[in-house]
Amino acid sequence: MPNLLPTSADLLPFLPEVAIICAIILVLLIPILSPRKNILAVAVMTTLGFTAAFLLTIYTRNIAVGSPAAYFGNLLLLDPFAWAVKLIMLFFTLIVMALWFTDSHDKFLSRGQAGDAPEFFTLLLSATLGLLLMVQTTNLLMIFLAIEMASLPSYVLAGFRKAHRVGAEAAMKYVLFGAASAAVMLYGMSLLYGLFGTLDLHQISLLLADPEWIHRLTGSSGIVLALGIAGLFIGVGFKIAMVPVHFWCPDVFEGASIDVTTFLSVTSKAAGLAMMMRILVTLTSAPHTSVTTLHYLAVAMLIIGTVTCFWGNLAAYPQNNIKRLLAWSSVAHAGYMLIGMSALVLTQASSNENLLSSPAAEALLFYLFMYLFMNAGAFVTAAAIAQRLTGPTDAGMSIGMNSLPPDQLPKNFTGEDIRNYANLGRRAPILAACMLVFLLSLVGIPLTIGFATKIKLFSLLFAAGPIGYFGVAAIGINTVIGAFYYFRIIRQMYLTESDAPRIIEIAPVTIVAMLLVIPNILFFLGYEWINAGAHMHAELLTAPAPVAVETPAAPAAPPTPAAMEQ
């Protein structure tokens, strides 16, 4: 009888995931071993879990780069691309924990939710585990399980503030959109399985490259294939907030607490985009793949990406809530990265044995790494400004006096309205300067890392030919459109007068924001170093060990008129 339990060699590449699972168990045990309201003990254990996972990811680099392979019957894999995305996401979770300690800690206490801390951090760890698995699979079943493992805890996190009506409404919308997207994705997967008889995307790609198979994919079989791929992309696109499954994003970002919003803004999109990249690479990497199929996919990604960034930028114009505006901004940036993916099937990729090195994957890694610091900095600074405006009763580890005593603040005042940023350049010069740097990065102004990401995308798209030129035009136009609402915030901070007194800025969360300014400038100067790292890890495993599946018969060709007459 075969041994169904994994060996130590099987578990070694996935030590970061094992560390996350151990952290979940320990977080749930802490209330049993100590007073339930020991909120700091739970938070510290979660931070240690993320730190251990981050360090173990660094440790597994030699496995990912030296011997990339598939494990557990091709359900999971580890290659340089997956390793790099995991490292980015786990580093970002440490920034989220820094934000929690400096801003959300006291809010938990003021809301009377200290006893709910174990559940909160268990959900945060579980969502991270699902996101890590998303970037390491090409199996349809595992894709569905990983997305749901990441989504279900996120639904609860979005509405974790029990008495917050906007948060409860946002969580309900998140659940409904997630359920609909999951249903469509599962239906698409069932169509693909019925058509090809396998759940492995690599096996599907080999059949799609078979000329006889393609010749017979006519009529209803071709429609089934198109519907199956569309359903799969809709499910993955939900995590990216890709049009048309993006409507949950602004509501959830506004309704959730700032730490949850920050977590979702990068990790969810990073995992979704990495999964989309892996699916596209796998489906188009087989030898003799039809050129027509490649161009259809390129045009589809270009159209979806263009619509997504136009929608995100135009919808950001009327927003007054900073979190809602940054939500639409994140939708637009997802569109930029989707446009970059359209070049995946048109640019020259080099193959080394079972690894494929793609310029599009390199650009995605570069963009995700830079976007981490741009977006995290904007959200942390928004949290710091809100904390300094709302007073000690709603401020994490606050120090000093604020603009108004808590009893004189307007009802439901959150400090998240952009109109409250008036004359912030004088009232809070440090925080205003931090926000200025992050907004300029998000626009893509020279001397910031945002400019480096735009240059990287443009160089990729120019190499893709005529279709890439449309992508360059779309990103250029949207950069100009996006500059208007980013500069609207800058104008409010520096050119709008206000009689409100100066804000005391000295607080731990301000220090976190200031630290995030450094990479936004420094990494532009170290562009070549980041670019070399992205190039080194832009390799995806395309030919894992063959799965023992029975190749289904190709769809029957339609009968000829002569045969029908007989």
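Predicted model: local features only at pLDDT ≥ 70, side-chain atom pairs only at ≥ 80, totals over all residues.
# Helices, salt bridges and buried residues

User: Why is α15 called mostly covered?

Analyst: A residue counts as buried when its relative accessible area is under 20%, and in α15 this holds for 20 of its 20 residues.

User: What caps the N-terminal end of α15?

Analyst: Asn321 does, since one of its side-chain oxygens lies 2.9 Å from the backbone nitrogen of Lys323, and the cut-off for a polar contact is 3.5 Å.

User: Why is the pair of Arg324 and Asp251 called a salt bridge?

Analyst: The cut-off between a side-chain nitrogen of Lys or Arg and a carboxyl oxygen of Asp or Glu is 4 Å, and the side chains of Arg324 and Asp251 meet at 3.0 Å, N to O.

User: Which residue forms a salt bridge with Asp251 at 3.4 Å?

Analyst: That residue is Lys173, and the value of 3.4 Å is the distance between the closest N and O atoms, to be set against the 4 Å cut-off. The pair links distant parts of the chain, with Asp251 in helix α12 (residues 248-255) and Lys173 in helix α8 (residues 165-196), 78 residues apart. Both Asp251 and Lys173 also belong to a network of salt bridges that links Arg165, Glu169, Lys173, Asp251, Glu254 and Arg324.

User: What makes the side chains of Arg278 and Asp79 a salt bridge?

Analyst: Their nitrogen and oxygen are 2.8 Å apart, which meets the requirement of being within 4 Å. Arg278 lies in helix α13 and Asp79 in the loop between β2 (76-78) and α5 (80-110), so the pair ties together parts that are 199 residues apart in sequence. By the rule applied here, the structure has ten salt bridges.

User: Why does Arg278 count as buried?

Analyst: Its relative accessibility is 1%, and the limit for buried is under 20%. Asp79 is buried as well, with a relative accessible area of 0%. Among the residues that Arg278 touches, leaving aside those up to four places away in sequence, are Leu77, Phe81, Val135 and Leu541.

User: How many disulfides does the structure hold?

Analyst: It holds zero disulfides, because a pair of cysteine sulfur atoms would have to be within 2.5 Å to count as one. As for individual cysteines, Cys434 counts as buried at 4% relative accessibility, whereas Cys22, at 37%, counts as partly exposed.

User: What is the mean pLDDT of the protein?

Analyst: The mean pLDDT is 83, and 85% of the residues reach 70 or more. Over residues 545-552, however, the pLDDT is below 50, and this stretch has 15 contacts in the model beyond near neighbours in sequence. Residues 556-566 also have a pLDDT below 50, with three such contacts.

Methods. Residues numbered from 1 in each chain as written. Heavy atoms only, no water. Buried < 20%, exposed > 50% of the residue type's maximum accessible area, 1.4 Å probe, protein only. Contact = heavy atoms within 4.5 Å. pLDDT = per-residue confidence, 0-100. Helix = DSSP H or I, 4+ residues; strand = E, 2+ residues; numbered from the N terminus. Polar contact = N/O pair within 3.5 Å; in protein donor to acceptor, adjacent residues only side chain to side chain.
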